Amino acid sequence: MAESDAGSNLILIIDDSVDTIRLLNGMLKDQGKILFATNGEAGIQLAQRQQPALILLDVEMTGMNGYEVCAALKTDPATKDCAVIIVTANSGMEHEIAALEAGAVDFISKPFNPPVVRARVQTHLRLQQHSAMMRQLANRDGLTALYNRRYFDEMLAQEFERHRRQQLPLALAIIDVDHFKAYNDHYGHPQGDTCLQGVANAIDTATRRPGELVARYGGEEFTVILPHTDAAGAEKYGRWLCQHIQELQIPHQSSATAPTVTISVGLVSLVPSAQDSTQQLIAAADQALYQAKTDGRNRAIVNNWP
Ligand SMILES: [Mg+2]
């Protein structure tokens, strides 16, 4: 969810002249997949849906002009990371400045010089790939490759708001590996890391409904955001997860719970109201996790709050 494909070479041309689109398409078609729109509004919609790596944007268009389109793209979270190259028949410093001020990364003037157009597009596609890769790395946990705590916090806040607006139930799971300290003491930290990677991968592959998000919460704790999930659905998911981890059959000789690695899961589901906060949601899931631990571990408990 919400991460664009780092490998995509999708190029969107927004220009009200079909001849210009045809010309640019001819120059660029071997550098990426080309989409086009013939006015600003349609271009913005296409950019929101497809999230192209690069947008070639004509300034002189009827309706929204290129600077207005660029400013709109740059303020929308869905399109702010698309690189925009302004295309214009005007040359001169003041036009270049206007383009950069609107948030464009570069400026190409007409009539086109094909080798220059191709070189600039290539450069910006390469830079885009690089920054998309950096963005993805910044959201990931180094050991497990799951999303990290920072990204989880961001996404939970977004989902919380969305569920509050739509008045739908949002569930949250916090998962802890049982007796993990004993595991590390017995098997050593390198194997402890391998165990965490195995558990992380199993949780991730078991969690595949659209919008669900698995993150490493810290240490041997994981967390899962479950959109549109009521308490009964949350409980079912928690139970399934416990069973799934047990079936991995990772030996754990020093566990007081089972001969293999097990997890405890605390869950909560609610339809958020204006008074609720994500902190309360996390605290409620934590409380359920604590209950699962004191009830004997290797189980899922749903907090009935509120
Ligand atoms: Mg035009």
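Biologist: Is E41 buried, exposed or partly exposed?

Modeller: E41 has a relative accessible area of 39%. Buried means under 20%, exposed over 50%, and partly exposed in between, with a 1.4 Å probe and protein chains only. E41 is therefore partly exposed.

Biologist: What should I know about the model itself?

Modeller: This is a predicted model, where local features need pLDDT of at least 70, side-chain atom pairs count only at pLDDT 80 or more, and totals for chains, interfaces and linings use all residues. Residues are numbered from 1 along each chain as its sequence is written, and side-chain values use heavy atoms, leaving out hydrogens and water.

Biologist: In which helix is E41 found?

Modeller: Helices here are DSSP runs of H or I with at least four residues, strands are runs of E with at least two, and both are numbered from the N terminus. The C-alpha atoms of E41 and M64 are separated by 7.2 Å, at 23 residues apart along the chain. E41 itself belongs to residues 40–50, helix α2.

Biologist: Which residues coordinate the magnesium ion?

Modeller: Donors are N, O and S atoms within 2.8 Å of the metal (3.2 Å for Na, K and Ca); water is not among the atoms, so sites may look incomplete. The donor spacing in sequence is D-x41-D-x1-E. At 2.1 to 2.4 Å, the ion is coordinated by D16 (OD), D58 (OD) and E60 (O).

Biologist: How many residues apart are D16 and E60?

Modeller: D16 sits in the loop between β1 (10–14) and α1 (18–28). E60 sits in the loop between β3 (54–58) and α3 (66–75). D16 is partly exposed at 33% relative accessibility, and E60 is partly exposed at 32%. The pair links distant parts of the chain, 44 residues apart.

Biologist: How are α8 and α9 oriented to each other?

Modeller: The axes of α8 (residues 189–205) and α9 (residues 231–246) come within 10 Å and cross at roughly 140°. Angles under 35 degrees count as roughly parallel, over 145 as roughly antiparallel, 65 to 115 as roughly perpendicular, and the rest as oblique. The two helices, α8 and α9, are therefore oblique.

Biologist: Which residues of α9 make the contact with α8?

Modeller: Contact means heavy atoms within 4.5 Å. From α8 come V199, A202, I203 and T205. From α9 come Y237, L241, H244 and I245.

Biologist: What is the relative accessible area of V265?

Modeller: V265 lies in strand β9 (residues 263–270). Among the residues that V265 touches are A173, G238, C242 and L289. V265 is buried, with a relative accessible area of 0%.

Conventions: Axes fitted to C-alpha atoms, helices over the stretch in contact; angles between N-to-C directions. Lists of a residue's contacts leave out its neighbours within four places in sequence.
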